[in-house]
Amino acid sequence: MASTTTNHDDDIRRAAQLLLSARHVMALTGAGISVESGIPPFRGPGGLWTKYGEPPMNGYQIFLQNPKKAWEERLNPTGPSKIIWDTVGAAEPNPGHYAFAELEHMGILQCLITQNVDNLHKRAGSHNLVEIHGNYTLIRCIDCNSRYPGSEVPLHKLPPECPQCQGTLKSDTVSFGEPIPPDALDACYSGTQLCDCFIVAGTSATVYPAASFPLAVQQKGGILIEVNLYESELTPLCNVSLRGPSAEVMPQLVAAIKELRQ
Ligand SMILES: [Zn+2]
């Protein structure tokens, strides 16, 4: 892996120019931007799953077989899910999250796709957001896809029932073996069709389907901009690769766009 280097102002300016001349900009973020907010990664040394146990690869099928039991485990105050979600809940958005929200408010960024479930993009002010792996603060109906804030769902009867369709409610976070919710996937595909410039930040973009969106844009001649600590498989395809943490690089990019617009 290449080491982290300081970006030349030229690279930042070039990325800013590409973003300003694009018609429809999308972005994809992953675990790297969460790690910068102090959330440990799930895997690897010190990872949340390494410490508290990796969820089963057929977690969704286990849920469907016995939703009541899955809910009881989730709500167990000394169980691993409670500890993991408390850790995530203690994190705050970082300057990288705020920079993405600002890009949206400036009219530059049309749609932000995140693989993260930690709610930090929303808390930083992003609205046009697709959380393809769900959001840990939400509960979703597996029958009609309605989502509810976790605090508003009564839990006296398990599994809780969807107020709209009486379907089964589950945590919005996508389990292993669970399909990506179709509304999220549709938003990604329809955005990608319009997109001519894609920013990939804090992820090596190797997990499908997320990885397919920047690739699809690149294959039809769109621009790819990468913000990452290290080189990735995507690097050779990128028009500009900015090395460094999103919390440093993204605010620099926002500042460069503002300067060019003056
Ligand atoms: Zn429902």
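Tutor: Start with the open sheet of three strands, which run in the order 5-4-6 with antiparallel pairing. Keep in mind that this is a predicted model. Strand 5 (147–149) and strand 6 (169–171) sit at the edges with a single partner strand each, so one side of each has no neighbour in the sheet. From one strand to the next, the twist averages 35 degrees. If you zoom in on strand 4 (residues 138–141), you'll find it paired with strand 6 in the antiparallel sense over three bridges. Look for Cys-141 there, standing opposite Leu-169 in strand 6.

Now for the other open sheet: six strands, ordered 3-2-1-7-8-9, with parallel pairing. Here the edges belong to strand 3 (129–131) and strand 9 (240–243); each has a single partner strand, so one side of each is left without a neighbour in the sheet. The twist in this sheet averages 15 degrees from one strand to the next.

Helix 9 (residues 182–194) lies across strand 1 (25–29), strand 2 and strand 3, and runs at about 130 degrees to strand 3. Helix 11 (residues 246–261) also packs on the sheet, where it touches strand 7 (197–201), strand 8 (223–228) and strand 9. The direction of helix 11 makes about 135 degrees with that of strand 8.

Terms used. Residues numbered from 1 in each chain as written. Predicted model: local features only at pLDDT ≥ 70, side-chain atom pairs only at ≥ 80, totals over all residues. Pairing = 2+ DSSP bridges. Helix = DSSP H or I, 4+ residues; strand = E, 2+ residues; numbered from the N terminus. Axes fitted to C-alpha atoms, helices over the stretch in contact; angles between N-to-C directions. Contact = placed C-beta atoms within 7 Å.
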